[in-house]
Amino acid sequence: MPSAETLLRAEFVDLEPSGIGKVVIQGFGDPEVLPLWVGEGDTPTPEPLRRAAIEALDRGETFYNIPRGRRELLAALKTYLERLYGVEIDQGRLVVPGSTMLAVAFAAQMVLNRGDHAVVVTPHWPNILSVFEMMGVQVSFVRQEAHEGHWALDINKVAEAIEPGRTKALYINSPCNPTGFILPPADVRRLMDLCRERGVVVFADEVYHRTVFTGDVAPSFLEVAAPDDPVISINGFSKAWAMTGWRLGWLVAPAGFEGQLSTWSMALNTGAPSFTQFGGIAALGETGEPIVRELREGYREGFEIVRRRLGQHPKIELRVPDGAFYAFPKIKGLTDSLRFCERLLAEEKVGTAPGYTFGPGNEAHIRLCFAMSHEKLDEALRRLVRFVDRHL
Ligand SMILES: Cc1ncc(COP(=O)(O)O)c(C=O)c1O
């Protein structure tokens, strides 16, 4: 009899846990651990957004919805995106699956065939590789580099990595997890032009769109794309409104596929939970804006704490993130980032993510999320420095 292993997709059998998962599993739920390892803070979603969902539940909003998303939510999203980016967006292009993560998988299912080639801008969020690997996609990387104490991307290198007739997709996440890099508006336009010309679909992961330290919103592919351009903008509620546990995100697809988007939403999960969608509606309107600003201010101060603790350390090279809420320091003498994070957890009860999991060339890095409340963040960093001083 054939074993399960021979019957399952090879891509599934070969899936590896990410380095974040490998560390988290060793300390998850331990109340003594100060967790900087995943992308969220430690304060619950603000009350007005929680209330919107509680009221929806109390009204009995517990039934199936339109799978692509409730009409009011799609309308609120349209209004939000149009206000933010000053462009018109047809509601038929919007989908609200159960999470941003699911929106990424949805986009991959829309576009990719086994054997396709994709270019991924790195250092990158590890889950994107799991998705691409699961689809049987071959990946090439283009690395962001140091530039005046920040991170930058050379668009010429992206152009070189796109192979005519072979490359099907480009994944770019701006503001970037883990580097905080933000693609400048001129480069957004150049990349859109390049991908249009070469028949490459842009996976524009814009989930940190409001977590920017200059201005109010990061440049978006939606600002430069024509409705039928090959770009899928992926976004969600987790980061801007501190709604990670709600599992609510959206995507904007090229125009002309409303029927297919509806059919696949139906088949994939028949839409996001009803009552959570009311939290999303509240977030996108006036209620949400002060929340976005207040959270962002907290993250900005969080980075200042990181800068104070790590910025002058002789063994630590810290680059300044322009957005998102991660620091991705390089630690001199570090050669095994997973072992470093495991020992830091065991000895100091601080949870961080090992650099290697963010792509090639990052073994000397660790990622830490500075969205945590400030006193705890400061204490976690104090312990991190103590650990570095002891071991390196
Ligand atoms: C770059 C990036 N894309 C997508 C996601 C997924 O977001 P969600 O938790 O809303 O599914 C994350 C989560 O950390 C992320 O960092």
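Four salt bridges turn up across the interface of domain 1 and domain 2 in this predicted model. Polar contacts between domain 1 and domain 2 come to 25 residue pairs, counting pairs with both residues at pLDDT 80 or more.

On the domain 1 side, helix H2 (10–13), helix H12 (288–310) and strand S12 (326–327) each put at least two residues against domain 2. H12 gives the most here, with eight residues.

Now for the layout of the two domains. The domain assignment builds domain 1 from two stretches, 4–45 and 289–391, while domain 2 covers 63–287. Taken over C-alpha atoms, the centres of domain 1 and domain 2 sit 24 Å apart. In terms of contacts, 36 residues of domain 1 meet 43 residues of domain 2.

Putting domain 1 and domain 2 together buries about 3600 Å², and carbon and sulfur atoms give 53% of that area. Three residues stand out on the domain 1 side: Glu-289, Arg-319 and Asp-322 supply 20% of the area that domain 1 buries against domain 2, more than any other three residues.

Notes: Residues are numbered from 1 along each chain as its sequence is written. This is a predicted model: local features need pLDDT of at least 70, side-chain atom pairs count only at pLDDT 80 or more; totals for chains, interfaces and linings use all residues. Side-chain values use heavy atoms; hydrogens and water are left out. Domain bounds come from an automatic or database domain assignment. Contact means heavy atoms within 4.5 Å. Buried area is the accessible area (1.4 Å probe) that two parts lose on being put together, summed over both. A salt bridge is a side-chain nitrogen of Lys or Arg within 4 Å of a carboxyl oxygen of Asp or Glu. A polar contact is a pair of N or O atoms within 3.5 Å; within protein, one must be able to donate a hydrogen and the other to accept it, and residues adjacent in sequence count only if both atoms are side-chain atoms. Helices (H or I, at least four residues) and strands (E, at least two) are DSSP runs, numbered from the N terminus.
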